[in-house]
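Here is a short report on one protein chain. Look at the structure first, then read on.

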Amino acid sequence: RVVMSERDSLIPDVDDVERASRRASSSSRAASRAVAGSSAEGVGRHVVFNMRVASALFFAGTTLLAMGAIVGRSADAARASALGEGAGGTCALSPMGAGANAAANTCAARYMDELGLWDAADAGDNVEFETKVYECMNEPTGAPVVVPRNGVAKPFATRPGSAYAWIFVHIPKAAGSVFIEMLKQNKNHETVVLHEPAHPDFLVNPWRPLNSLQARHVPTMLRTFKQNRESKSGTFSKEFMHADYDEGRRMYFTGATGIGMCGTVDAPCAYITVLREPMSRLWSEYTYLCLEANEGHLSWTAEEIAADNHQGCPLNPLEWYNQKRSTAAQLTGLLGARGGHTPCGAEAAKANLASSCVRYIFQDDIENGMKRIREKLPDLAHLGDDGGNKQYISGALLEHHNGSAEKLAPALAARLDAYKADPTIVEGLRALVEHDISVYEFAKAKYDEHWSAPLVSC
């Protein structure tokens, strides 16, 4: 086991972990086949699966003890390795594999199972699922979601620098809403060139012509993936997606909980996101949610809403984030899901940003980032271009963005300035996002190297 500290970094070992995991999976198959041959078909499949897991964990654990790491995701190991805030512990940076069960470690898959949603009737927005998924993503289990470092095999191949499915991981208050509009423009440009598809490649959702991976919409999406996989037909079947890719079309998804979801897509898939300096993001989100009470007083208590006098919530930024903790750490919570705001969560987020199937840019240099995207990623060559089709586009968002500072009333602006000048509040906020800051600094340091690596599929 590796004992994590504030300065430990497992990033150089991710490739070794991934290779050992693959060797372990290969080693387990012979034992699995022997069990399958002597069992009844239904029971046999169950035993084969357990034998594969047990054999893989034994081999990988033996191999990696010499390296000082541990591979595996058993419930006991997860509980034993849970990390507290800034505490020591173990951290299993075990990358996802390929196939229908590749996303089994994600919070979405967990609650699809626990809530019995795979075969449930579609009930539209599932707020209970959304709440549980966000709580799960911020849980410090010591076995976070880690995407493959060097990609995995998918049902069909793509050209260099290309994928079929693109998942935009929307980090709140990091130019995400504007980026979504630019993705819509890119998709609309495709429609102008190729004309409307015979079968629209999206379900009904607020983000058309993109597909929604907003947490409350995920059950509908994952059920559809499963049904299309089993029937070998439909928009999300590998047969349709392969033909769609060959015609020149691409599929785009958006949602904050997207990391790991490429494992559910039977097509070459990649992630893209926009990062923002964590302290700047905190000030922006506090202004947006507390001072301006946007999104229907999101995160306010019933008592705070009842007492609202249009002067913002009654909390200063440090009180706000201490009481509404899950919204503070977004880089570890969203990019290192199930690692918590801990050293382990930070290492998982770094590993995911370092993956060759991920691309990221920065809000504070977004024009340069957009230029890199258009030049390096042919699927997104028209990101932000007005291709002649304005369907689904919010012109107001593109023109004015989704900022708050310039819209604040003078009294609220003065209140915000006073908080920013208060050293106790500033240092308190910095402590809340110390691991996010380490992730952001890692991303900055690796930016040019990141963009020089070839894109692969997850």
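## Ground rules

This is a predicted model: local features need pLDDT of at least 70, side-chain atom pairs count only at pLDDT 80 or more, and totals for chains, interfaces and linings use all residues. Residues are numbered from 1 along each chain as its sequence is written, and side-chain values use heavy atoms, leaving out hydrogens and water.

## Helix α18

Helix α18 spans residues 423-432. Helices are DSSP runs of H or I, at least four residues, numbered from the N terminus. The buried residues of α18 are I425, V426, G428, L429 and L432. Buried means under 20% relative accessible area, exposed over 50%, partly exposed in between (1.4 Å probe, protein chains only).

The face turned away from the buried side carries the exposed P423 and T424.

## Disulfides

How many disulfides does the structure hold? There are 5. A disulfide is a pair of cysteine sulfur atoms within 2.5 Å.

One of them joins C107 to C136, S to S 2.1 Å. C107 lies in helix α4 and C136 in helix α5, so the pair ties together parts 29 residues apart in sequence. The torsion about the S-S bond is about -80°, so this disulfide is left-handed. C107 counts as buried at 4% relative accessibility, and C136 is buried at 1%.

Another joins C290 and C313, with sulfur atoms 1.8 Å apart. C290 sits in helix α9, and C313 in the loop between α11 and α12.

How values were computed
Helices (H or I, at least four residues) and strands (E, at least two) are DSSP runs, numbered from the N terminus.
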